[in-house]
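The following exercises concern a predicted model. Please study the sequence and the structure, then work through each solution step by step.

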Amino acid sequence: MADEAVLLNGETIGETYLDQAQIIAAAAATNATAIHPGFGFLSERAEFATAVKDAGLIWIGPSAEAIEKMGDKMTARQTMRAAGVPVIPGEEVEEDDEHAALEALRQASERVGYPLLLKASSGGGGKGMRAVYDPAEFDQAAAGARREAVAAFGDGRIYIERLLSGSKHIEIQVLADQHGRTVHLGERECSVQRRHQKVFEEAPGPTMDPELREAMGQAAVAAAEAVDYVGAGTVEFLLSPTGEFFFLEMNTRIQVEHPVTELVTGVDIVREQLRIAEGQPMSCGPLMIRGHAIEVRLYAEDAANGFLPSIGPLAVFRPPEGSGIRLDTGVREGDDVTPNYDPMLAKLIVWAPSRPEALQKMRRALDEFVVLGTTTNIEFLRDLCDAEPVVKGSTTTTTIDDLWPNGWNPPASPLLEDAALLVAAGAETLGLHRRNSVAPAGINSEPANPFNTVQRRFP
Amino acid sequence: MQHTFASSDGPVEVTLARLGDGFVLEGHELTVHNRGRLQVRLSDGRTSLAHVAKVGDVWWVHLNGRTFRWERIEPGSSSAEDESGLVAPMPGRCSKCSLPRAMSLRRVHR
C-alpha cells in the first residue's frame, strides 16, 4: 500500500505514465529507493530499466538485457531454440527491405505450411498479428501485418508460426533470485481470450497432471536461465491436443493474472519481487498447490457489440464480498470511465477447495457485482461460467469464437426485463434519482467516519 | 403513476398500481424498505434486491445478476425514437458568436 502518491503532470498517457523522466523525478522527490513498474506502460521497456538504474535507484524487475532478449520475439525464439526449449514450428525473417521481406515471408510460408500465424517481432496484444488459412490470402495478410507492426512498434519485422488449432494457452510463473536460484510456481490456464486478450484465467490448469506440470515447469526454468533472468516472469506456452507444448513468449514483468497463482501456492509474488530486488534470497519453499483459483477481467466494454470499449460514469460500483473473494481494482464509485486508458475496471478473483466450487463462487460473485452507469462485460463473464467448455475445463484459445461465432448476446429474460421496468418506473415515481437508492456499504446517516475510507484503493 | 419508456419496439406505457408502500406491475411486486432499499418479488415467487441509478434519462437497473437500461421519455416530449437525445446539427438559431481578436468568421449555412 502506497503511503504517498504523486500526481503526474500532463493529459495523455505519453505525458504521464510513459514519461520516464517524470516518474524517476517523482521517485527522487519522495526519497523512494526503488521503482516497481507494475504491468503495462513502462514495465517491459529495457531503456526504462536502464534509466532507473542510472538514476541510482533499484529496478524491481529483470535486467535490461533480459527484457530486450525476450521482448524481441524473433530473438526470443532463437534463444529458446538454443536452450532446448520447444518452440512452435515456424521461421523468422530478417529483412529490412519491404519487398524482400514479403517475398522471404511468402517462401517461408510454403515451408511452414497452412494454417499459419504472422506475428510482429516487437508485437503484443494482437497487434501485427494475422491468421492465414489459405495461400491466396497470404500476400495481403503479410502486407497488413507489416504495416500494422510498423505503425504500432516502429518495427516491421514479421515471423511465421504454424497455427496450432485446438490448443490451450498455458503459462508458467517463474521466480529467480540473485543467488542463482530459479523456481517455477506451477501453471495458469488462460485459454479463454477475446481479441487475443485474456478474460478468464485459472490455476491450476484443469487438464494438467503432475508430470506435465513438471516438464513445462522445467522448460520455463530453462527459458529463464537462458537469459540470466532475475525477478518474477511468465513463460507462455501453447499446449496442443496431443500433449506437446511449445514456447510462445516470455513476459518479463508481473502478469495481470498473477493473483490466481498467489492464491493456490500461498506465495506473495510482489513480496518476492521486493526481496529479490533487494538482493535477498526468495523465501518460497517447495511448490505446493492447494485448491483452485479463477480470475475474470472486468472490462468497461459492450460484449454484445463486438467487445467495443464503453465509457460513462460509475454511478454505482459495488463489488461482491465474502470469504475467498479478492478484488484488485483502481476505480471507485463516482469515477468516470474515459477512452484515454485501458478499459479494464477490475480483476475479480475467487478461491475454493475445488474447481467446481470455485466456479460456483465466481458465478455468485458476478451475480452480486453491481456496476451501473457504464456498460461492462459482467453478464458475458457470467454466461461464460455456464458454458460447457468452461465447466468441463476443455477451453482452447478459440473457445469464445466457437461458442458464439456470430457474436455474444445476453440470454433473453422477458420476466426480469418486465420486473426491471417496474423498478425503473417505481424509482422514477419515488424520485430516487435525486439521492442514492441504497446507501453505500458501511456508510449510514451518521457523521462522516474516516474509517469508511480506510480500505479504499486509489488509482 | 404513469410513465413512458423507450424500447426497441417503440414507447412502452407503464401504469403502476400501489401496494402498501410499493408498486405492482404484471404480477411483480416492488417494495421499498428503509433508506431506499428496493426489493422485488417476481411473478414466479422469487425475491431479489434491486439497485438503480439514473444517468441522464436512462434508468440503470441491476436485478438478479442482470443489468437493464430503460430510457424514460419525459411527458410532453416527442418519442425517444424521434429524438434519441442530441441531434447534429443542433436545431436552433445562433444569436451570438464570440471570436478571439484577429479571427474572422464566414457564414456557410443560412
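**Exercise 1.** Determine whether A:Asp328 and A:Lys347 are buried or exposed, and state what the pair ties together.

*Solution.* Step 1: Both A:Asp328 and A:Lys347 are buried. Step 2: A:Asp328 forms a salt bridge with A:Lys347, with 3.7 Å between the closest N and O atoms. Step 3: A:Asp328 belongs to strand β17 (residues 325–329) of chain A and A:Lys347 to strand β19 (residues 344–352) of chain A, so the pair ties together parts that are 19 residues apart in sequence.

**Exercise 2.** Describe the salt bridge between A:Lys198 and A:Glu236, and classify each partner by the 20% cut-off for buried residues.

*Solution.* Step 1: The N to O distance in this salt bridge is 2.9 Å. Step 2: A:Lys198 lies in strand β9 (residues 197–203) of chain A and A:Glu236 in strand β10 (residues 231–239) of chain A, 38 residues apart. Step 3: The relative accessible area of A:Lys198 is 10%, so this residue is buried. Step 4: A:Glu236 has a relative accessible area of 5% and is therefore buried.

**Exercise 3.** Identify the buried residues of helix α2 (residues 46–54) of chain A, and explain why they lie on the same side.

*Solution.* Step 1: The buried residues are A:Ala46, A:Phe48, A:Ala49 and A:Val52. Step 2: They lie on the same side of α2(A) because they cover an arc of only 165 degrees around the axis. Step 3: The buried residues of α2(A) pack against α1 (20–29), β1 (34–35), β2 (58–59) and α3 (64–71) of chain A.

Technical notes:
Residues are numbered from 1 along each chain as its sequence is written. Chains are lettered from A and ligands numbered from 1 in the order in which they are written. This is a predicted model: local features need pLDDT of at least 70, side-chain atom pairs count only at pLDDT 80 or more; totals for chains, interfaces and linings use all residues. Side-chain values use heavy atoms; hydrogens and water are left out. Buried means under 20% relative accessible area, exposed over 50%, partly exposed in between (1.4 Å probe, protein chains only). Helices (H or I, at least four residues) and strands (E, at least two) are DSSP runs, numbered from the N terminus. The arc is that of the directions from the helix axis to the C-beta atoms. Contact means heavy atoms within 4.5 Å. A salt bridge is a side-chain nitrogen of Lys or Arg within 4 Å of a carboxyl oxygen of Asp or Glu.
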